Amino acid sequence: MTRECAALLPGVCAALADPRQPGLDDTCLEKLLDWFRSLTWFDPTVELVQDNPCLTELITSVLALQDPSPSILSFTLQLAGILASSESRFQHLQQEKLLGRLFGQEGPRGSTAWEDASVRSAWVKGVHSMVHHQPALLFLCSMGGMDVIFTLQGDPSLFVASAASQLLVHILTFSLESEISKALSTKDCDWPVCAQMIVKHIQESLQSSSASHMEQSLKLLSSLFGSCFGSCYAAWTEVLWSDVAKQIKSFLLEETVQAQPLLANLLLNVARSPVFCGTEGSFWALVTSALEHLTPVQAGPLAVGLLKLCKCPQDVRIQALTVLLQPMDCILRAASQPLECAGLLDESVSDPGAVESLLSSKTTCAGLLCQTLAHLEKLLSLKHLRVDLPCVSLLRSLMTILQFCNGFLSPTSPLGSTISRNLINCFRVQKSALDVLAVLSEEKDCDTLIGNLFDVLLAYLQSPNTSPTVLKKTFQATSKWLVHLQGLSCSNSQWQQTEKILEDVFVVLQKRLCSPCWEVRDSSLEFLTAMVKCLRDQKEFRQCFLSSEVLRLTENLLEDPESYVRASAVTAVGHLALITCFAPESPVTGSQYNKESIVAKLQEILSTDSEGFPRRAVISTFTKWLRGGCTGQLEDTVQFVSRVIQTVERDLDWEVKLGGLELVEVFCSQTICQLSQCPYAPVSSAVTSSAPQKELLQVFCRAKLFGFLYGSLCDCDKPVGQRACDVLVGLRGHFYPMSTLENPQEIEDSPAGRGIAWLQRTLRQGSLAQNFPMDGGDGVDFQDPETMMLALGAIDLLELHDELNKSSDHVEESPQSLLQDILATVGTIEDNEVDCY
């Protein structure tokens, strides 16, 4: 603790204990507690309380109050717990007889203050902070604290109940720490006193007739096995499980038990413990039983969790996959009667009637399918899945679901008819199925169904009943499958199929680009951009694109009334230009499609559009072009960059300015490599002392980079200044590779010295430097290579970098400032002494 803080602390403690003072804001009290946590974390000695007796005086004063406010009492409980977290300070507070009066029966537990949830929560937090040494653990047991925590597990406040459960996990784990070094075998495990109390409480609650007590213990067990306890205390983990396994098994078999939904999470957390990673033992038999007896909705999360585990036995893994696929299998079997193709499963794990019943109900059908589809999407996204998914049947099932949802399939079976009625126009299921469909495009076994699949996708793209959100998902899935289609081996028949699909897609796209709904126009442009990114080198794609009206319609959308659409149109035009303008042999002729006209259109948007989104899209597009070498020879690129940054530096949108700085960074990097004849970034000392160095500076000055960069250092938006400083620090590293600064006296005596001194002073003002003159001020010439070389060497950019990267609250949120603010709030110091924020 600093001397200044130690001087302010007695006044703060006195103010907190004074009932006449107005209540402090809870945020201030929390910040104060955070400060004490940091103090005690780094220093476990007793000196903190000995050197600051005002802390114990505060606790004594609050205890003496007849009716303290809940906020001050809560603060005091937490403060005492934090101070008592080390054994030496705990003993000191015990000698002062304070801890019993706070956490024992004579404390707030027996008063009306206990009715306030914040006080109960603070009591739990205080105990949690305190129990980090054995004396505190013994103290807790001796004062009846364990029974209080057991009661608070069922507190009406969820925050209190959750904190109590976390505290029990901490106590059990901590109480075993001293035993872990004994490396006891399973048979020799004797629970320490506190741990024994917790285990006994769990066992009694599980056998209780009270459903709430059972649920509390199941949640506690789940937290225990899910914490480091299950990983680090193997012997006790096995003993604890053996003590409760029989009761857990009985819950699975009793269908009336309300606690069944909690069992899946518990079993999954136990399965993650290293103790049960082997294939032997009764645990996996219990997991198998759970997969059979839990409802399909309850078993789903357990099944997907098991499939993610590395060391789950293969037979259990297959059973878990079967549980997940059962709803999809039911969909396939319900689609046609008699069954025209094989389903996903040869046999079921649990009763198929349960799944059929859920799918037959309007209230549960969509929920079960959305859950199943979400789990399948997670599994398909895994790089290493230890079971084989039947991808072809799964794809067929997904197509069936999508056809049910849009009414394009009329099943003949009674079950199919019911499911179809339940799913018609169900957007939730449509979106989930399309998500899985998109991920399934990565699989290689679905080629035989591609024609049927695109029939389904095109039906969605063409249908006027497809909602904008579902259409967006359809576009995303279609672009993925188009990439998959292009990756197939191209026989003549395959080429014809690809060409036909692309033609159909472009016909739909033309229609959607003219939609009256802006979300549809926006999604269509995003889809077009995605296609161009992946397929622009494919002959069939280029032919279909160039023979359509898509390019003209896209350029029309540059003037769309909706700014999001204009921004997407800019991005699409930027990618389309790679086909129409920047290709070595551009197949598009006509003045309206040449490079100059496209650049002029986008520059006009950058300088005149009233919304930020299109302008950001333009600067992002220009940067992509620059990276891709689309801006021509060096001199053309210099003029291009110069025009762009002269527009950007006047922009009021900080994200546009950041984009401009990224453009400058790319330009600098490319130019340095080009003029230094070096394909990699760093410039050697031999190069920096040669002619290319002067040429490089001349290029940067012609592009008017330095005025933009130095002006950005003084921008009122901090990220802009930080990025500009990063670029300048990088340039300084190129021109001064050995980090040698110019002699300050030489600079001062040079003709440019006065201007550089002015620039240094201006930069120190930062954003306070109003109207930074981009074209120079007080003699500094941003277009003069020699002056800019001297500036890079003279100005301490690293110091400026550190200043810009300091958090804005590095002063305002200091402990001293916090204490001053508290004193100011209670009116004990003058206004001019306060660092208010």
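Asp155 and Arg120 pair through their side chains in a salt bridge, 2.7 Å from N to O; the term means a side-chain nitrogen of Lys or Arg within 4 Å of a carboxyl oxygen of Asp or Glu. This is a predicted model, where local features need pLDDT of at least 70, side-chain atom pairs count only at pLDDT 80 or more, and totals for chains, interfaces and linings use all residues. Residues are numbered from 1 along each chain as its sequence is written, and side-chain values use heavy atoms, leaving out hydrogens and water.

Back to that pair. Arg120 sits in helix 8 (residues 117–130), and Asp155 in the loop between helix 10 (145–152) and helix 11 (158–180), 35 residues apart. Helices here are DSSP runs of H or I, at least four residues, numbered from the N terminus. Both Asp155 and Arg120 are buried, meaning under 20% relative accessible area, with exposed over 50% and partly exposed in between (1.4 Å probe, protein chains only).

The salt bridge count comes to 17. Another one joins Arg566 and Asp609, with the closest N and O atoms 2.8 Å apart. Arg566 is in helix 31 (residues 563–580) and Asp609 in the loop between helix 32 (595–608) and helix 33 (612–627), so this pair ties together parts 43 residues apart in sequence. Arg566 counts as buried at 10% relative accessibility, and Asp609 at 13%.

By contrast, take Arg552 and Glu549, whose closest N and O atoms are 2.6 Å apart in their salt bridge. Arg552 is partly exposed at 39% relative accessible area, and Glu549 is partly exposed at 38%.

Conventions
Helix = DSSP H or I, 4+ residues; strand = E, 2+ residues; numbered from the N terminus.
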